[in-house]
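Good morning. Please have a look at the model on the screen, and I will take you through a few parts of it.

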Amino acid sequence: MVSDEILRTHLQELRRGTVVVASLVALRRPDYGYALLQRLTDHGFPVDANTLYPLLRRLEEQGLLTSEWNTEESRPRKFYRTSPEGESVLDRLLTDLTAVQTSLTQLIEGADR
Amino acid sequence: MTTLTDRYLAATLRSVPVARREEIATELRGSIEDMIDGRTAGGQDATTAEREVLTELGDPAQLAARYSDRRLQLIGPTYYLAWERLLKLLLSFVPATVGILVGLLAAADGDNPGGAIGEGVATALSVALHIAFWVTLVFAVLERTKTPLHLPRWSVDQLPEGPVDRQITLTDTAASIGFLTLFIAYLPVQHFRSFVPTDGEKNLPILDPALWSFWLPFLITVLVATVGLEIAKYRTGRWTWPLVTVNAALNLAFAVPVIWLMSTDRLLNPDLVNRFEWLNQGDNLNTVATVVVAGTALVALWDTVDSAIKAYRAQR
């Protein structure tokens with residue numbers, strides 16, 4: 001039996017990158033940091049706050065997200081939304097994710113057990 | 001009153017670029033408050049919730065590094081191998097060479113061989129430290145500025161020779177370097193302790209002390225360079241034409257001064273010649289000179305021809 005440490009590292013490696021995909025999908029509907037964190041967690045993408053907040057800023061700098069300050073509520077919140085560039089990158093990423101899934105399925109079916 | 005959140009924000013923003021500080025501050029404060037609200041809504045008291053949220057966000061320096069995309073490593077994988085190779089290459093010969101030269105100069109200057117060795121060792125250590133520090137600093141700066149290195153891509157041609165094909169063995173190299181080191185060490189040592197029996201207390205050097213002004217340091221430099229050649233030869237694993245050329249040049253640089261000095265009676269210490277009656281009788285001194293000249297010329301010639309033959313063989 002492999003140690004929990006090794007398992008955790010592999011799962012982390014597998015999950016890395018999917019956070020970007022999930023965020024780009026989720027932010028088709030504009031949202032702010034904490035609310036996005038909650039939504040991602042609820043949909044089975046548990047992500048650390050200290051990873052997500054800097055990630056949102058980086059994606060914004062790369063032009064994949066646009067942002068807008070909302071000052072109508074009790075505290076000012078920065079709402080992020082997937083930009084057209086973000087949408088086309090997301091499209092590419094989703095295609096690739098499907099390709100990985102397909103290949104993996106074929107490999108599993110073709111492999112002798 | 002300064003809250004934990006205020007202190008956390010201040011600590012994080014300290015190392016975030018000024019231009020974005022204000023915006024990140026507002027957003028991060030909002031996010032922290034949202035997270036605290038989320039916990040208090042679940043029935044937690046505000047103080048505990050704040051502590052837990054900040055603990056979850058972790059070390060402010062790490063969070064700031066993520067915000068500014070700064071690297072949390074001194075030298076990363078892009079530069080590590082180049083750093084390691086350069087460091088090993090420089091450390092393999094520079095400290096030893098400089099240390100030996102400084103030690104020899106100190107030995108030639110004063111009459112304290114022990115002190116000269118100490119000075120050589122101390123200089124070698126200090127040179128090694130300087131090399132390690134400056135090379136690492138330059139690579140750490142490259143890492144931070146993300147400067148591309150444009151190093152040639154690795155190719156299969158760079159694979160080291162298999163041990164079977166080796167023309168130059170480690171034993172040969174070690175023996176050569178050992179002999180050269182003894183030879184180099186002997187030159188200053190004979191100046192202080194030649195073991196030639198004398199009447200008085202004073203030591204009688206074998207070689208003319210006047211040569212320390214130029215020729216002996218020059219010969220020592222040539223010998224140190226020969227050590228370098230031995231190392232280069234071992235790393236290549238066989239004789240190549242550039243190595244043969246350097247070998248020939250070093251042989252010439254050693255043999256020509258020795259032959260010339262010996263023929264003009266300037267190599268041996270005049271006091272030593274006077275000390276031994278036999279040397280002064282008839283042609284005896286000339287005979288010694290002829291033997292030394294012929295011996296030096298033969299060894300230099302044989303060594304050069306031998307290296308050329310081996311290079312020719314290795315080529316095929």
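How many residues of chain B are in contact with chain A? There are 16, and they meet 12 residues of chain A; contact here means C-beta atoms, placed from the backbone, within 7 Å. Helix 2 of chain B gives the most to that side, 9 residues; helices are DSSP runs of H or I, at least four residues, numbered from the N terminus.

A word on the source: this is a predicted model, where local features need pLDDT of at least 70, side-chain atom pairs count only at pLDDT 80 or more, and totals for chains, interfaces and linings use all residues. Residues are numbered from 1 along each chain as its sequence is written, with chains lettered from A and ligands numbered from 1 in the order in which they are written.

Next, the largest nonpolar core. That is a set of buried Ala, Val, Leu, Ile, Met, Phe, Trp, Tyr and Cys residues joined through C-beta atoms within 7 Å, where buried means 20 or more other C-beta atoms within 10 Å of a residue's own. This core has 25 residues, and A:Leu65 and B:Met35 touch the most other members. Its largest share, 5 residues, comes from helix 2 of chain B. Leaving out residues up to four places away in sequence, B:Met35 touches A:Tyr34, A:Ala49 and B:Val53.

Last, a helix pair. B:Tyr8, B:Ala11 and B:Thr12 in helix 1 of chain B meet B:Pro60, B:Leu63 and B:Ala64 in helix 4 of chain B. That's all from me.

Note on methods
Two residues are in contact if their C-beta atoms, placed from the backbone, lie within 7 Å. Helices (H or I, at least four residues) and strands (E, at least two) are DSSP runs, numbered from the N terminus. A residue is buried if 20 or more other C-beta atoms lie within 10 Å of its own, exposed if 12 or fewer, and partly exposed in between; C-beta atoms are placed from the backbone.
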